[in-house]
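Open the model in your viewer and follow the stops below in order. Each stop says what to select and what is found there.

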Amino acid sequence: MIIIMRPNTSEMDIENVVNTLKSLGLGVHISKGVEKTIIGIIGDKRVLEEVPLDLMPGVEKLVPVVESYKLASKAFHPEPSIIDVNGVKIGGAELVLMAGPCSVENREQIIETAIAVKKSGAKFLRGGTFKPRTSPYSFQGLEEEGLKLLKEAKEITGLLIISEITSEKTLEIAYKYVDMVQIGARNSQNFQLLKEVGRSKKPVLYKRGPSMTIEEWLNATEYIMSEGNENVVLCERGIRTFETATRYTMDISAISVIKSLSHLPIIVDPSHATGKSQYVQSLSKAAVAAGADGLIIEVHPNPMRALSDASQQITPFEFDNLCSDIYKIAPIVGRDFKYNQNHSQL
Ligand code: PEP
Ligand code: MN
């Protein structure tokens with residue numbers, strides 16, 4: 001249930017309602033819009049049966065929320081959320097691009113990629129160091145050594161760092177190196193880990209699991225948010241369908257559906273969605289045109305020799321071409337994107 005307060009209600013009336021709810025043992029989430037304040041109620045509503053909340057000063061109306069997710073829902077927070085990750089705003093007018101290799105492999109590879117993607121307009125450097133590979137015999141990542149290399153790349157380029165964590169322990173290790181953690185498809189319903197990330201308050205890119213419905217995804221998001229972390233950005237990365245021509249199927253409709261159900265930003269990962277580098281550019285553009293708040297793209301200086309996901313990584317040159325196209329599309333969909341046409345200094 002949400003309580004919609006009358007336009008320009010006094011702080012005292014809002015406080016009164018909040019205190020009444022808290023005294024009944026309910027959780028409260030306040031969203032202040034330009035005119036109206038919305039108070040979201042979390043907990044067992046049965047305690048409200050005898051309380052005439054609608055008669056309290058300042059209350060305009062009570063509206064039931066049918067969805068089981070609350071903090072992620074648009075009903076609780078009608079304005080779109082802008083997530084500020086150390087100065088880079090995701091969900092605002094500017095499209096945010098995250099780029100880098102699937103895995104951090106060595107110093108030269110990550111620094112070279114970072115310098116290149118920064119020149120084209122990326123704001124985040126991505127790179128896996130704890131790799132949740134399908135086979136235990138495949139390259140498992142450089143772990144903390146890889147995080148140190150990402151930090152060095154940040155110092156050189158100024159790019160923010162995003163990297164995947166796979167457990168409570170890896171969250172603890174990555175915490176001091178990264179600006180944003182990524183929860184990947186394989187851990188998308190690891191509720192314990194979602195809660196840990198919620199308690200950590202670290203901004204999180206939360207990827208959809210390949211078999212999750214959007215409703216399941218938003219419910220799982222609630223595990224992060226209900227622990228006090230509202231710095232969540234969602235990421236569509238392809239779902240499992242009967243189609244085998246691509247690795248997964250990029251659910252482009254998820255962008256519009258999320259925008260209608262949630263206030264959280266959504267970005268798209270066309271690399272894992274398609275699994276094939278030849279489709280990454282067109283699907284990136286489609287995602288931007290459909291209203292995505294950004295993209296996360298795998299870029300490797302020599303994709304053929306990549307230690308993971310070789311077939312889906314694009315080169316820095318291809319990434320640059322893509323950025324040049326996004327620069328042209330962005331204004332058509334009311335977005336800004338700063339493509340560095342002259343490739344001047346960092
Ligand atoms: C990744 O980003 O490298 C990754 C493993 O992605 P996903 O969890 O979407 O498969
Ligand atoms: Mn990958």
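Select the manganese ion (ligand 2) in this predicted model. Along the chain, its donors follow the spacing C-x169-H-x25-E-x10-D. Show the side chains behind that pattern: Cys 102 through SG, His 272 through NE2, Glu 298 through OE and Asp 309 through OD coordinate the ion, at 2.1 to 2.4 Å. Cys 102 sits in the loop between β7 (96-100) and α2 (107-120), while His 272 belongs to helix α8 (residues 270-274), so this pair ties together parts that are 170 residues apart in sequence. Color by accessibility and check the pair: are Cys 102 and His 272 buried or exposed? Cys 102 and His 272 are both buried.

Next, switch to cartoon and select the strands from β7 to β14. Eight strands close into a barrel, in the order β7-β8-β9-β10-β11-β12-β13-β14, with parallel pairing. From one strand to the next, the twist averages 25°.

Pick Glu 164 and look across to β10, where Gln 182 is its bridge partner.

Helix α6 (residues 214-225) touches β11 (204-207), β12 (232-236) and β13 (266-268), and its direction makes about 150° with that of β12. Helix α7 (residues 253-261) also packs on the sheet, touching β12 and β13. The direction of α7 makes about 175° with that of β13.

To see the contact, show Phe 191, Leu 194, Lys 195, Val 197 and Gly 198 of α5 together with Ala 220, Tyr 223 and Ile 224 of α6. Sorted by type, the residues of this contact comprise six nonpolar, one polar and one charged.

The last stop is Glu 172, in helix α4 (residues 168-174). Its relative accessibility is 60%, so Glu 172 counts as exposed. Finish with a distance from Glu 172 to Ser 200: C-alpha to C-alpha, these residues are 9.0 Å apart in space and 28 residues apart in sequence.

Terms used:
Residues are numbered from 1 along each chain as its sequence is written. Chains are lettered from A and ligands numbered from 1 in the order in which they are written. This is a predicted model: local features need pLDDT of at least 70, side-chain atom pairs count only at pLDDT 80 or more; totals for chains, interfaces and linings use all residues. Side-chain values use heavy atoms; hydrogens and water are left out. Donors are N, O and S atoms within 2.8 Å of the metal (3.2 Å for Na, K and Ca); water is not among the atoms, so sites may look incomplete. Helices (H or I, at least four residues) and strands (E, at least two) are DSSP runs, numbered from the N terminus. Buried means under 20% relative accessible area, exposed over 50%, partly exposed in between (1.4 Å probe, protein chains only). Two strands pair if DSSP finds at least two bridges between them. Axes are lines fitted to C-alpha atoms, for helices over the stretch in contact, and angles run from 0 to 180 degrees between N-to-C directions. Contact means heavy atoms within 4.5 Å. Ala, Val, Leu, Ile, Met, Phe, Trp, Tyr, Cys and Pro count as nonpolar, Asp, Glu, Lys and Arg as charged, and the others, Gly among them, as polar.
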